[in-house]
Amino acid sequence: MATHVRAEAPPAARSSWRSRLYRFDLKASPYAFIAPFFLCFAAFGLFPLVWTGWLSLHYVDLLKPDVMEWKGFGNYTRLWSNDQFWTALRNTFTIGVISTVPQLLTALGLAHLLNYRMRARGFFRVAILAPYATSIAAATLVFVQLFNPDYGFINWMLDLVGFHPNWYSDTWPSQIAISTIVTWRWTGYNALIYLAAMQAVPKDLYEAASLDGANRWQQFTRITIPSIRPTIMFTIIVSTIGATQLFGEPMLFGGGVGVSGGSAHQFQTLSLYMYELGWPSRQLGRASAVAWTMLLILLLIGLVQFLITRYRKRNELGG
Amino acid sequence: MATTLSTPSPREAKHAEPARPRGLFRRKAGEHDKAGPVTYVLLGVAALVSLFPLYWTFVAASNTGERVALSPPPMVPGGELWNNISTAWDQADMGTALLNSTIVAGCVSLSTVLFSTLAGFAFAKLRFRGRNALLTLVVATMTIPPQLSVIPLYRIVTGLEWSGHLQSVILPSLVAAFGVFFMRQFLSEALPFELIEAARVDGANSLRVIWHVVFPIARPAMAVLGMLVFVQSWNDFFWPFVVLTQQNPTVQVALSAIGGGSGHDINQAVIMTGALVGTLPLLLIFAVLGKHIVGGITSGAVKS
């Protein structure tokens, strides 16, 4: 996650710094400008993060949060041997994959199409971004309707070809339905981010390629994709984080049994499991352990991604 | 995640392709980046899929619950919209919810834009010790799931007896790492060092530089960031759901009361009406300012 920092401007030698105050202003103002961000982050991000770690080592009741009973790593070992935790972990992973992979692939294709010169490009761009403006709650309520097994629009269409899945109670259909909501909301947004990156790819690369006889598909796979790889990595990271945190969609999709992720936990994600432990079951310590487990999983994924990137880079430089 | 921003090269390059490629992606010479009919069809399908659920929300919100529950479901708007709206208003305090969401999203986007511009300017254009390390830290904080801080925040908020009040939702979201990064990317491209130097030579202190140089140049990016944050804050669900109650909800919390709790067989038309009322303000913003938002995203400011 190294961020590219631009080269400095040449120091302004001619400028005459007359007063000490002026010099102080120059030295201190950068810190003053970044201070609000870091102060708020420390208060509402870092401090709670550490506190959650401390809580995860205790038994704490939601209603008596000041009474803390030391448990060591007991909450974590308990998670390890808990079936519901593993179900939630597996669900988070499968829903993450079936929402992220089609979403990013579709976004990539749409961005490629939007990159052509065309009429009504403004309309198309705003149209595919419209789902982004729709809230999780509103979108989920609409899709609950569309996926209703008895009178929903989707089953009405599928009935025509003889399919009748139960989108609420069966594991795969319910996970596909939830992933559909995620995909619907985020595909357009990702497409526009890809489009931005594609527009920055130098045109002469394509011309050189077409001189060499490369067709459109080859240009797409050999020029476009490699050129925007950093952006693709960025969207993969952001989507992975989003998938790990998935909460609102399954929660509202489940209606009355949303918190437990369906009657058989068939679509309970880690976030939902954490909420169920912390609030309905009032066990803040165990919920904190789930939260930290989520962070550890993200760090693990980040490490893997980092290693892959480094391996790639080394290969490219070596080869 | 390391990229620099580069301006799109001019699109006038319309070379004839000497060797005409074969196959599906073949284009006539000279039309090298022009959309063909297949492109229009595919984009049309994408636009339809994007817009249909929104259209259907309106259809369901303007029909009776019984009609919505029929198979096949209705496909054209009915005349029940006002009835459904008043029912939705009875089930959840939509008026308060809309007002609360406006206050929360307004405060959050104002402060995020202000603080992000200041920090983004510092990271883009000022030299100070620890700059690179701190910038990396900003980016790293984006990866922390909000769930991690929810439990202690909940204790802080209840300890201060803030739960149920709007400040419990506003204060934790006053800054956003994404915004800092966004403004930094924009300002390192858009703001020339010479302008800052000129102001300095004229004797301007840092606050004057911010006010007279940075803000005027950053204005378009600030507007885009403001809208993005507004949308995000308006749609935020998890934390408001944890700390707010149905007596003083935001729109999303109110929607969860209309939709949740009673299973799948309550009046679907009313649920859809709630969804419509909760989404409409944002869709209106999008209808009016959508091009600017899209322009802001595609201008490269969001690229990372």
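## Overall dimensions of chain A

The radius of gyration used here is taken over C-alpha atoms, and the globule rule is 2.2 Å times the number of residues to the power 0.38. The model is predicted. For a compact globule of 319 residues, a radius of gyration near 20 Å would apply, whereas chain A has 25 Å. The C-alpha trace of chain A spans about 70 × 65 × 40 Å along its principal axes.

A share of 42% of the 319 residues of chain A counts as buried. When contacts in chain A between residues at least 6 apart in sequence are considered, 67% of them join residues at least 24 apart.

## Secondary structure of chain A

Chain A contains 13 helices and two strands. Strand β1 (residues 58-61) of chain A pairs with strand β2 (residues 64-70) of chain A in the antiparallel sense, over four bridges. With two residues between them, β1(A) and β2(A) form a hairpin. Within this pairing, A:Tyr59 stands opposite A:Glu69 in β2(A).

## The contact between chains A and B

Chain A brings 102 residues into contact with 107 residues of chain B. On the side of chain A that touches chain B, helix α1 (residues 20-55) of chain A gives the most, with 17 residues. By class, this side of chain A has 67 nonpolar, 27 polar and eight charged residues.

## Domains of chain B

The domain assignment divides chain B into domain 1 (37-87) and domain 2 (91-301). Taken over C-alpha atoms, the centres of domain 1 of chain B and domain 2 of chain B are separated by 30 Å. Their contact takes 13 residues from domain 1 of chain B and ten residues from domain 2 of chain B.

On the side of domain 1 of chain B that touches domain 2 of chain B, the elements that give two or more residues are α1 (37-61), α2 (65-68) and α3 (81-91) of chain B. The largest share, four residues, comes from α1(B). The residues of this side of domain 1 of chain B divide into six nonpolar, six polar and one charged.

## A buried glycine in chain B

Helix α13 (residues 268-301) of chain B includes B:Gly296. Is B:Gly296 buried or exposed? B:Gly296 counts as buried because it has 25 C-beta neighbours inside 10 Å, and the cut-off for a buried residue is 20 or more. The C-alpha atoms of B:Gly296 and B:Leu225 are separated by 8.2 Å, although the two residues are 71 residues apart along the chain.

Methods: Residues are numbered from 1 along each chain as its sequence is written. Chains are lettered from A and ligands numbered from 1 in the order in which they are written. This is a predicted model: local features need pLDDT of at least 70, side-chain atom pairs count only at pLDDT 80 or more; totals for chains, interfaces and linings use all residues. Two strands pair if DSSP finds at least two bridges between them. Domain bounds come from an automatic or database domain assignment. Two residues are in contact if their C-beta atoms, placed from the backbone, lie within 7 Å. Ala, Val, Leu, Ile, Met, Phe, Trp, Tyr, Cys and Pro count as nonpolar, Asp, Glu, Lys and Arg as charged, and the others, Gly among them, as polar. A residue is buried if 20 or more other C-beta atoms lie within 10 Å of its own, exposed if 12 or fewer, and partly exposed in between; C-beta atoms are placed from the backbone.
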